[in-house]
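Here's a quick walk through the fold and its charged contacts. Have the model open as you read.

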Amino acid sequence: MRFGVLGPLAVWTDAGTPVRVPETKVRTLLAVLLTRPGRPVPVDRLIDALWGDRPPRNPVGTLQARVSQLRKALEDGEPGGRGLVAARPPGYVIDAGPEAVDAARFAAALGRDAADPLARKRLLGDALALWRGLAFADFADAGFARSAIIELEEGRLVALERHAQARLDLGEHAAVAAELAAPAARHPLRERLHALHLRALHLAGRQGEAFAGYHELRERLAEELGADPGPELAELHRSMLAEGPAPPPRPRPGCPPRSTS
């Protein structure tokens, strides 16, 4: 049986058939267990995630009932599924290997390296293809999932950046420039992502956009963080200047152009 958290919560049989896990509390229980697959989640944390400050009269007994429902749903989906939800002090655990959970497969791929850009492109492309949306998408507002979501989404950005670098090394400048535009807009202060986007624009022959983007980012960093561009972006700017003349930065709306005299 396989589990997915890189998007809405999902369960499949080994053959790829979707498995239905009914009832909100049962799905929440599964999601909490999948924030740390292979490691037990304490009973008190499970109770807090399911009911917060309004627990049932018998929280331990009610939790056991939800565990039984989850076991039944998994067993109905595939024989042997019941045994994947194991009681293990101080609580319960999803007793599945790393290959059974998409987040674990993604982390394993991110931790590997390849000898050449084409192999890196394929490895990271396969890793990014595991994503079906935001991590734990149907539990995005749940406190129990917050740290897992932050960690997974950071890993996704790292993979995206490494994938883009491999593709730039292969000469896919125009495609990378187009595909990084939206992620760069969603993460306006992430320097590594913007450096790759600006480099792709420059190599694709869109030097004006690259220089304008650099100046806009420099001003944004100064205004919002009180910081100058880091060494990565500063080196990029120097290399772009060496490769071609920089057009003057675009004035902000309502501001006159800077004097060049």
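## Burial and surface

Let's start with burial: of the 261 residues in the chain, 41% are buried. Keep in mind that this is a predicted model.

## Overall build

On the secondary structure side, the chain has 11 helices and 5 strands. Its radius of gyration is 24 Å, well over the 18 Å that the globule rule gives for 261 residues, so the chain is more spread out than a compact globule. You can see this in the C-alpha trace too, which spans about 80 × 40 × 25 Å along its principal axes.

As for contacts, take those with a separation of 6 or more: 60% of them come from residues 24 or more positions apart.

## Charges

How far apart are the mean positions of the positive and negative charges? The chain carries 35 positive and 33 negative charges, and their mean positions sit 4 Å apart. Searching the whole structure turns up 16 salt bridges.

## Two bridges across the sequence

One of the salt bridges joins aspartate 138 to arginine 27, with 3.3 Å between the closest N and O atoms. Aspartate 138 is in the loop between α5 (117-128) and α6 (146-169), while arginine 27 belongs to helix α1 (residues 24-34), so this pair ties together parts that are 111 residues apart in sequence. Both partners are partly exposed: aspartate 138 has 39% relative accessibility, and arginine 27 has 24%.

Another salt bridge has the side chains of arginine 120 and aspartate 169 meeting at 3.8 Å, N to O. Here arginine 120 comes from helix α5 and aspartate 169 from helix α6, so the pair links parts that are 49 residues apart in sequence. Arginine 120 counts as partly exposed at 23% relative accessibility, and aspartate 169 is also partly exposed, with a relative accessible area of 44%.

## A salt-bridge network

Which residues are linked in a network of salt bridges? They are Lys121, Arg167, Glu172 and Glu179. Within this group, arginine 167 pairs with glutamate 172, and their closest N and O atoms are 2.7 Å apart.

Is arginine 167 buried or exposed? Its relative accessibility is 9%, and buried means under 20%, so arginine 167 counts as buried.

How values were computed. Residues are numbered from 1 along each chain as its sequence is written. This is a predicted model: local features need pLDDT of at least 70, side-chain atom pairs count only at pLDDT 80 or more; totals for chains, interfaces and linings use all residues. Side-chain values use heavy atoms; hydrogens and water are left out. Helices (H or I, at least four residues) and strands (E, at least two) are DSSP runs, numbered from the N terminus. The radius of gyration is taken over C-alpha atoms; the globule rule is 2.2 Å times the number of residues to the power 0.38. Buried means under 20% relative accessible area, exposed over 50%, partly exposed in between (1.4 Å probe, protein chains only). Contact means heavy atoms within 4.5 Å. Lys and Arg count as positive and Asp and Glu as negative; His and the chain ends are not counted. The place of a charge is taken as NZ of Lys, CZ of Arg, CG of Asp or CD of Glu. A salt bridge is a side-chain nitrogen of Lys or Arg within 4 Å of a carboxyl oxygen of Asp or Glu.
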